[in-house]
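Please read each point with the structure open.

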Amino acid sequence: MVRENQTFLLSHKHIHLRWLEAHVGYFGNECADQLAKEAITKGDPFFPPKPLSYLKSEIRLAALSIWQDNWDNGETGRSTHDIVPGISNKTVEWYREELMFVTRHEPFPSSYLHPFNLRTHDNCSCGEEGDSMHYATKCRFTLS
């Protein structure tokens, strides 16, 4: 479109483009503004599309919204959801031990050995469920 306009202007030397201050009453400029506003409201197919950066931003926001909805309504990872309820596409620097704690993939004997049938139950020595939250916040043997 720009090349077509350049070619047209080069072949019609009597047409001159000049800068005009906007919204000060120049009839032609006011008409152009009015036509642009009408094109936006009517969805004129010749009106330039939104910039790629805007479309990327809208797609990113929509994807994050879907991801958050899936995270909020999912069936897995509920213990992690309790600690990290909001999703983000920003990198987070977590240590291995912190990830293991949050995702409950910790190497505590009771909870680690039970899924492999190397232990008959996943309870702590105190009798409660032996997961990382229990050891970190409730167990009388590790509370201190």
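1. Among contacts in the protein chain between residues at least 6 apart in sequence, what percentage join residues at least 24 apart? The share is 18%, where contact means heavy atoms within 4.5 Å.

2. The model is predicted, so that local features need pLDDT of at least 70 and side-chain atom pairs count only at pLDDT 80 or more, while totals for chains, interfaces and linings use all residues. Residues are numbered from 1 along each chain as its sequence is written, and side-chain values use heavy atoms, with hydrogens and water left out.

3. The protein chain holds 7 helices and 0 strands, and its elements run α-α-α-α-α-α-α from the N terminus on. Helices (H or I, at least four residues) and strands (E, at least two) are DSSP runs, numbered from the N terminus. Of the 144 residues in the chain, 15% are buried, that is, under 20% relative accessible area with a 1.4 Å probe and protein chains only.

4. Helix α4 covers residues 78-83 and includes Thr80; His81 also has its place in α4. Thr80 counts as buried because its relative accessible area is 15%, and His81 is buried at 16%. Neighbours within four places in sequence aside, Thr80 is in contact with Trp71, Val102 and Thr103. His81, with residues up to four places away not counted, touches Trp71 and Asp72.

5. The structure holds 0 aromatic pairs, a pair being rings of Phe, Tyr and Trp (its six-membered ring) with centres within 6.5 Å.

6. The largest pocket has a volume of about 270 Å³. A pocket is an open set of points on a 1 Å grid over the protein atoms alone, where a 1.4 Å probe fits, with protein on both sides within 12 Å along at least five of seven lines; lining residues have an atom within 4 Å of a point. The volume is the space filled by probe spheres set on the points, which are joined across faces, edges and corners.

7. This pocket is lined by 13 residues, with Val84, Gly86, Ile87, Ser88 and Val92 nearest its centre. Helices α3 (52-73) and α5 (96-103) each supply at least two lining residues, and α5 gives the most, with 3.

Note on methods:
Buried means under 20% relative accessible area, exposed over 50%, partly exposed in between (1.4 Å probe, protein chains only). Rings of Phe, Tyr and Trp (its six-membered ring) pair if their centres lie within 6.5 Å; planes under 30 degrees apart count as stacked, over 60 as edge-to-face and the rest as tilted.
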